[in-house]
Amino acid sequence: MSNAAEATPLMPTPAPPAAWHRRARVVMQDWMDTEGQRWAFVLKTLLAAFLALWIAFRLGFDSPRSAMMTVFIVALPSSGMALEKSIYRLLGTLIGCAAALFFFALFPQQAMLLFIALALWVGLCTAGSALMRNARSYGFVLAGYTACMIALPGINAPLDVFNLAVSRVTEISLGILCAALVNDALFPKHQSEQLVQAVRKLYRNFAQLCYDAMQGRLSAEQLERLHLQFATEIAALESGRAAAVFEAGDTRTRSQQLYAFNAAAMVGLTTFHTLHQLMERLRSRGDMLVPELIAPLYAAFSQALLVTHIPARTAAEVSVTRNKFVQLRATLPALTANARKDFLLRQGSHQQQLDLDTALELIQRFSDEFYRLVVIYQALPKRLSRTPARNQTKVLAYSAKTPTMIAVAAGLRTAAAVLVLTSAWYALNWPSASGAVIIAVIFCGLAASSAEPGRLIRQTTFGFMLGTPFAFLCAFFMLNHVEGYLMMVLAMLPFLMAGAYASTWRNIAGIGMGFNLMFAQMIAPENMMRFNVPSFINDGMAQIIGLILAAIIFALILPEHKQGSRRHIARALWDEALRLCVSDAAHLRHHFESRIRDLLNQLSMSVRGTADAATRQTLNQAITLLELGHALIDLRDWSAHLSIGHPVRLAKEQCIAALADYFRQPQVQQHAQALAATQAAGKMLQALLLDETNAEAGETARLRRALTDLHLINASLLDRSLNDFSIDSTAPTGTAHDAA
């Protein structure tokens with residue numbers, strides 16, 4: 001008895017029931033956030049697909065599989081994204097059917113003329129798809145290949161073209177309605193909830209970036225990665241906003257607030273990076289006076305950026321940050337005055353005085369811009385009715401646009417594919433060849449919007465090849481032995497479930513999608529099933545051959561002209577900088593900032609793992625051009641207040657003309673001329689400021705601001721990223737950093 005009593009303390013004590021339940025809830029929540037989300041998506045997709053198939057059977061549609069395949073195509077994690085894609089799919093289908101009927105009416109007996117018209121139409125649609133690069137691009141692709149799907153079969157049966165178009169629209173609409181119904185009724189996952197998380201993430205990452213940079217914790221490589229990440233998050237926020245508009249709620253009415261949030265974040269980051277780069281350039285050449293004088297201001301900003309030890313996580317927490325910035329902005333004049341006083345005591349040089357003035361000006365701008373971002377963020381959850389619509393400032397949206405040559409190349413590539421493949425199909429007289437042509441055209445259009453078209457086509461081809469034998473097994477060894485709709489569903493369910501689950505994994509999503517599309521296409525469920533082995537083999541071969549042809553076309557026709565092409569992005573960067581010199585369009589600053597950020601997002605699309613040296617060079621050029629561009633816009637704005645014929649205004653025009661020549665042709669001579677013009681304008685401004693007797697009332701402040709802008713332009717021109725692009729290894733790269 002005593003031995004048992006002694007052994008009892010050595011035995012493990014069972015966990016209390018409450019602790020066990022807590023662990024079980026944590027495990028269950030983790031499963032729901034990962035695997036649970038995947039299986040919920042699989043359940044909703046299959047339920048919507050089989051619902052669409054059942055309704056198509058009951059209504060006697062010609063091709064019930066089209067309704068089922070539509071569900072697989074528009075199936076996306078959130079209801080907003082699914083609805084957005086569905087709407088553009090329906091619009092694209094309607095326009096494509098109308099185009100097919102129009103072309104068929106023009107060339108009812110001239111096959112080659114019809115092929116040429118289809119090639120031009122599909123090329124135009126593909127170019128539009130590549131240019132837009134958002135959910136609308138899918139509508140362009142649909143409008144293109146739907147015309148082929150209607151017109152090509154109509155060559156052998158011209159009287160059935162109209163009925164084919166009506167059937168196509170009806171079946172697509174049914175699939176869209178079923179997908180929308182199930183997405184909203186069963187385990188709804190709203191895009192607006194993800195949009196809230198995207199806003200929080202963008203603000204948190206921006207504030208953390210500023211804090212880490214002020215604390216000296218970021219290397220140049222880390223800062224480059226964060227700039228690419230920021231560009232991606234900006235694009236994702238706008239994409240999420242566009243999708244959330246299709247859901248019920250107030251996202252549509254809040255679009256202006258989200259536009260303003262995005263714009264404030266972009267401008268604020270550019271100003272902060274300009275300040276950070278100025279400090280880094282001074283440190284790199286051993287000039288530590290200005291960085292030491294700015295250190296107390298950095299410390300004050302670092303404290304204001306954090307709520308406790310991290311940035312604000314919600315709009316409610318950001319009220320703490322707002323209060324801190326109100327106090328900071330009240331003490332900022334005193335901190336600035338102390339920095340200037342210390343500078344006088346330490347007797348800095350004239351060049352250091354200009355560096356200090358520029359740094360303090362940038363700090364003031366950053367304070368204003370970050371405070372504006374905080375105010376916008378805090379106001380996002382508030383009721384819009386508190387702010388009259390007439391008092392709301394209209395803000396332009398972030399816009400995505402692909403470099404024109406990439407879009408043109410995509411259109412030419414797809415047009416050539418249509419013309420060559422349709423002509424070959426017409427000559428071969430192989431009935432299943434039309435399937436190969438349509439598949440090739442579809443994936444030439446879809447891949448044109450992808451940064452990795454080869455990977456997209458490879459994954460889909462593998463999914464098609466994997467789905468074909470399983471479709472054969474299901475059709476000829478299972479479905480021919482069952483009766484009734486329920487038994488047909490049970491026979492198809494395991495295969496489609498595997499494909500839908502595979503599509504939830506990012507690395508193999510194309511395989512899962514290709515598997516389900518091929519499986520549904522080859523099974524071809526109809527009210528009166530047909531089991532024809534030779535037809536099955538021919539159609540399966542045609543589908544796979546079409547994908548292989550699409551891959552060959554991408555490899556042979558303008559292969560370098562694809563999304564994320566570094567060479568085209570680099571050229572587009574200089575074109576945008578040139579536009580600042582020659583354009584008088586409204587909202588130039590917003591368009592420039594938005595365009596450069598979009599080009600950075602496109603550049604990030606092509607980066608896998610660690611960026612290579614050429615990509616990093618283009619990234620640094622983009623960031624430096626952002627700095628230069630904002631300074632150039634400020635210079636134009638401030639000098640516009642000066643009288644016509646004013647020497648500063650004339651010097652500004654000469655400087656901008658030299659910069660325009662440099663942006664058109666970034667070579668050694670143009671770079672030297674732009675640098676000389678900038679430095680000459682700076683020296684002339686300094687002389688005017690020293691001769692205060694000639695300064696008009698209120699003009700001194702404008703001249704000092706213009707001098708700051710010229711100094712920033714000069715520093716940007718001397719940056720290694722621009723010199724590496726514009727000056728070859730044999731040319732002298734060292735240029736005196738004169739006062740600008």
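Which residues are linked in a network of salt bridges? Keep that in mind while we get oriented; the tour comes back to it.

**Before you click**

This is a predicted model, where local features need pLDDT of at least 70 and side-chain atom pairs count only at pLDDT 80 or more, while totals for chains, interfaces and linings use all residues. Residues are numbered from 1 along each chain as its sequence is written, and side-chain values use heavy atoms, with hydrogens and water left out.

**The whole thing**

Zoom out and colour by secondary structure. You'll see 27 helices and zero strands; helices (H or I, at least four residues) and strands (E, at least two) are DSSP runs, numbered from the N terminus. Along the principal axes, the C-alpha atoms fill a box of roughly 100 × 100 × 55 Å. Of the 740 residues, 51% are buried, where buried means under 20% relative accessible area, exposed over 50%, and partly exposed in between (1.4 Å probe, protein chains only). Take the contacts (heavy atoms within 4.5 Å) with a separation of 6 or more: 80% of them come from residues 24 or more positions apart.

**Stop 1: salt bridges**

Side chains of opposite charge can pair when their charged atoms come close. The structure holds 27 salt bridges, each a side-chain nitrogen of Lys or Arg within 4 Å of a carboxyl oxygen of Asp or Glu.

Select Arg 38 and Glu 35 to start: their side chains form a salt bridge at 3.0 Å, N to O. Both sit in helix α3, three residues apart, about one turn of the helix.

Now pick Glu 627 and Arg 281, a salt bridge at 3.3 Å, N to O. This pair links distant parts of the chain: Glu 627 is in helix α23 (residues 613-639) and Arg 281 is in helix α11 (residues 255-284), 346 residues apart. Glu 627 and Arg 281 are both buried.

Next, show Asp 634 and Arg 705, whose side chains meet in a salt bridge at 3.7 Å, N to O. Asp 634 lies in helix α23 and Arg 705 in helix α26 (residues 699-717), so the pair ties together parts that are 71 residues apart in sequence. Asp 634 is buried, and Arg 705 is too.

Time to settle the opening question: select Glu 361, Arg 365, Arg 589, Asp 634, Asp 637, Arg 705 and Asp 709, and you have the network of salt bridges on screen.

**Stop 2: the nonpolar cores**

A nonpolar core here is a set of buried Ala, Val, Leu, Ile, Met, Phe, Trp, Tyr and Cys residues joined through side-chain atoms within 4.5 Å. The largest one has 118 residues, and Tyr 203, Phe 261, Ile 294, Phe 370, Leu 659 and Phe 663 touch the most other members. Its largest share, 14 residues, comes from α11.

Centre on Phe 370. Not counting residues up to four places away in sequence, Phe 370 touches Tyr 203, Phe 206, Ala 207, Leu 305, Thr 321 and Phe 325. Apart from this core lies another, of 88 residues, among them Val 141, Leu 421, Ala 491 and Phe 515.

**Stop 3: a glycine pair**

Go to Gly 123 in helix α6 (residues 111-132). Gly 123 is buried, with a relative accessible area of 8%. Leaving aside neighbours within four places in sequence, Gly 123 is in contact with Gly 411 and Ala 415.

**Stop 4: two loops with positive phi**

Select Ala 524, in the loop between α19 (509-523) and α20 (533-556). Ala 524 has a positive phi of about 50° although it is not a glycine, and it is buried at 18% relative accessible area.

Move on to Leu 558, in the loop between α20 and α21 (566-582). Leu 558 isn't a glycine either, yet it has a positive phi of about 45°. With 34% relative accessibility, Leu 558 counts as partly exposed.
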